[in-house]
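Please look over the sequence and the model below, and keep both at hand while reading.

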Amino acid sequence: MPSPPTVYLESRYRKLVRDLPQTIFFCPECKGDRRRRAACAKCGGRGKLPDDSVQELLGRRLLPAFRARTGKFHGAGREDVDVRMLGRGRPFVFEVVAPRRDGVDLEALRERFHGEEGHRVQIDPFLVVARERVAQLKEAQFDKRYRIGVAFDGPPDPARLAPLEGRVLQVAQRTPQRVVHRRGDLVRERRVTILAARVLEVGEADEAGAAAEFDVETAHGTYVKEWVSGDGGRSPNSLAELLGVAARCVRLDVLEVLD
Ligand SMILES: [Zn+2]
């Protein structure tokens, strides 16, 4: 019997917590290898670091419903594990490989999903799409709107802070130090628009230690954390440079993927 066709389900996810990766986050020590992970102290034999990911939360419901063994997650880009994904969420396609059942009630499944996981992940209604959608999403280059919580080494000068609102910055970013070992050292021309800048009042201070908040819109592929700190001179026109004080991103939310 020929195996049934793969099912492609498109939706958007909102990630409301800061400790959940988009896809399976393999242990950097044992790489999740079946034999090596058994003795791995880093992950305690699990082969991955956090227990869950958006991909796995979905797969745990979708795969049994479709009686499938394998699912693949295709996101339109991704955010770092500690970054929330808010607004209308990020588009993705979940690929159910070789399902042995069809006619799954996707809306009932989604309701159940929200009952169990809605406090950390919410999803739009699923749409069955053609396979081509995966490539389209992978190639799409969307601008993004972020809210950045920033901590400083000293108080920023209000006279330098106020004129930042509305500024459009051209930034030539070199590949960040934290990823240069796997991405290659390049300079990329990007754009950052500062939509809002505000110092947090006493009492607004959060556990992350942010002293100010910035809303920015960035071109696809901009490294936001590095734009804040300047990344040791690799990201010129940084926020730290504009304010003349060392700055670092202590929390980050994607407010909107601008598709
Ligand atoms: Zn491990």
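Asn-237 has its place in the loop between α6 and α7 (239–243), where helices (H or I, at least four residues) and strands (E, at least two) are DSSP runs, numbered from the N terminus. Although Asn-237 is not a glycine, it has a positive phi of about 65°. Asn-237 counts as partly exposed because 16 other C-beta atoms lie within 10 Å; a residue is called buried if 20 or more other C-beta atoms lie within 10 Å of its own, exposed if 12 or fewer, and partly exposed in between, with the C-beta atoms placed from the backbone.

The model is a predicted one, in which local features need pLDDT of at least 70 and side-chain atom pairs count only at pLDDT 80 or more, while totals for chains, interfaces and linings use all residues. Residues are numbered from 1 along each chain as its sequence is written.

Ala-98 also has a positive phi, of about 50°, although it is not a glycine. Ala-98 lies in the loop between β3 and α2, and it counts as partly exposed because it has 14 C-beta neighbours inside 10 Å.

Gly-209 is found in the loop between β8 (187–199) and β9 (212–218). With 13 other C-beta atoms within 10 Å, Gly-209 is partly exposed. If neighbours within four places in sequence are left aside, Gly-209 is in contact with Ala-151 and Val-250, where contact means that the C-beta atoms of two residues, placed from the backbone, lie within 7 Å. Gly-209 and Arg-251 are 42 residues apart in sequence, and their C-alpha atoms are 8.8 Å apart in space.

Is Val-224, which has 22 other C-beta atoms within 10 Å, buried or exposed? Val-224 is buried, because 22 other C-beta atoms lie within 10 Å. Val-224 is found in helix α6 (residues 224–229). Not counting residues up to four places away in sequence, Val-224 touches Tyr-146, Ile-148, Thr-218, Cys-249 and Leu-252. The C-alpha atoms of Val-224 and Val-192 are separated by 8.8 Å, and the two residues are 32 residues apart along the chain.

The next part concerns strand β1 and its pairings. Two strands are said to pair if DSSP finds at least two bridges between them.

| Pairing | Sense | Bridges |
|---|---|---|
| β1 (residues 7–15) with β3 (residues 84–97) | antiparallel | eight bridges |
| β1 with β5 (residues 127–129) | antiparallel | three bridges |
| β1 with β4 (residues 121–123) | antiparallel | three bridges |

Single residues show how these pairings are made up. Lys-15 has Met-85 as its bridge partner in β3, Leu-9 has Val-128 as its bridge partner in β5, and Arg-14 has Gln-122 as its bridge partner in β4. In a regular strand, the side chains alternate between the two faces of the sheet.

Two helices also meet. The axes of helix α1 (residues 54–66) and helix α2 (residues 106–117) come within 11 Å and cross at roughly 145°; such axes are lines fitted to C-alpha atoms, for helices over the stretch in contact, and the angles run from 0 to 180 degrees between N-to-C directions. On the α1 side, Leu-57, Arg-61 and Ala-65 meet Leu-109, Arg-112, Phe-113 and Glu-117 in α2. By class, this contact has four nonpolar, no polar and three charged residues, where Ala, Val, Leu, Ile, Met, Phe, Trp, Tyr, Cys and Pro count as nonpolar, Asp, Glu, Lys and Arg as charged, and the others, Gly among them, as polar.

The last topic is the chain as a whole. The domain assignment gives domain 1 (7–139) and domain 2 (143–258), with bounds that come from an automatic or database domain assignment. The centres of the two domains, taken over C-alpha atoms, are separated by 29 Å. Nine residues from domain 1 and six residues from domain 2 take part in the contact, and the side of domain 1 that touches domain 2 has four nonpolar, one polar and four charged residues. The protein chain has seven helices and 10 strands, and of its 259 residues, 27% count as buried. Along its principal axes, the C-alpha trace spans about 70 × 40 × 40 Å.
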